[in-house]
Amino acid sequence: MAAIENSKVTIVGAGSVGSSAAYAALIRGSARHVALYDIATAKVEAEVLDLAHGTQFTGSSDIIGGSDLSVVEGSQVVVITAGAKQNPGQTRIELAGVNARIMASMMPDLLSVAPDAVYVLVTNPCDVLTVLAQEQTGLPPERIFASGTVLDTSRLRWKLGKRAGVSTSSVHAYIVGEHGDTEFPLWSKATIGSVPILDWVTPAGDRMTTDELDQIAIDVRDAAYKVILGKGATNYAIGLSSARIIEAILNDEHAVMPVSPVLQDFHGVSGVALSVPSIVSAKGASPIRETPFDARELELFHASADALREVADSLRP
């Protein structure tokens, strides 16, 4: 396949995350047409108007939107951010029940107007919602997946880059598993450039220790809670990471990203959506089965799968 001409993405949900995703997609030129859809008419129309007022400065992309489902028509990508937001002290899993009901009522309507789109779920808990939505819709697993740990991986690379004294793009490391409390880094294959992470000499002349890396992993895992406590929501970075996923699909990039599709016999895990390095293209997301895990990472991966399977099972009728 090739880059999609006259491309269109719809962001579902005009809250802080959805509006930030639309803003990021607009200023990055992620798609030729950006649409914002929400059932809250006054809110979505105000957000679209505010964005439209700045299109002189954003290149060739345009913005439309509203509360009529017709704004979704013709979308090659639909990014879902609608749902109850995560409150201070609340885990993503605690959001599961209410957002699962919202997703169940929303998906049939979206599919009726965008039946061929690739669907990207950002609403939390995104992994659990992806499993339930894929089961409900019957969409091929590659065409409906969660944004997963794309943002968590960016947080990790940012922290490691600061410590190592290199650009974020020179850090090669992934967060995998749940987008949430059971996520973990693949330290066994993490490098700075081509140098294994524990062998890298920092600007201070020292090397990172396993204890330090463990603390970095905790800081990354809990980063959203810190942001939510201070400002009520995370929105800018998730908006940017959503735009980056959109681009990988619409440009048929075959980019490797840690998104979260429903897995089938991936290191022994099936029927659960977890983030693993995947090839993201116009077809959607395909997990890279050859991704190596050491024994401890494999144990953590299965623990993450078990935790999410339990939540998903509790939400099925």
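The legends below describe close-up views of a predicted model. Local features require pLDDT of at least 70 and side-chain atom pairs count only at pLDDT 80 or more, whereas totals for chains, interfaces and linings use all residues. Residues are numbered from 1 along each chain as its sequence is written, and side-chain values use heavy atoms, with hydrogens and water left out.

View 1. Strands are DSSP runs of E with at least two residues, numbered from the N terminus. Lys8 is buried (under 20% relative accessible area, 1.4 Å probe, protein chains only). Lys8 has no salt bridge (a side-chain nitrogen of Lys or Arg within 4 Å of a carboxyl oxygen of Asp or Glu); Glu73, the nearest side chain of opposite charge, is 6.9 Å away. A polar atom of the Lys8 side chain lies 2.7 Å from the backbone oxygen of Val71.

**View 2. The open sheet β7-β10-β11.** The 3 strands pair in an antiparallel manner (pairing requires at least two DSSP bridges between two strands). Because β7 (171-172) and β11 (195-196) are at the edges with a single partner strand each, one side of each has no neighbour in the sheet. Strand β10 (residues 191-192) is joined to β11 by 2 bridges, and Thr191 has Pro196 as its bridge partner.

**View 3. Strands β12, β14 and β15.** Strand β14 (residues 278-281) runs antiparallel to strand β12 (residues 255-257), with 3 bridges joining them; Ala255 stands opposite Val280. A hairpin with 2 residues between its strands is formed by β14 and β15. In this antiparallel pair, 4 bridges link β14 to β15 (residues 284-287), and Ser281 has Gly284 as its bridge partner.

Terms used:
Buried means under 20% relative accessible area, exposed over 50%, partly exposed in between (1.4 Å probe, protein chains only). Lys and Arg count as positive and Asp and Glu as negative; His and the chain ends are not counted. A polar contact is a pair of N or O atoms within 3.5 Å; within protein, one must be able to donate a hydrogen and the other to accept it, and residues adjacent in sequence count only if both atoms are side-chain atoms.
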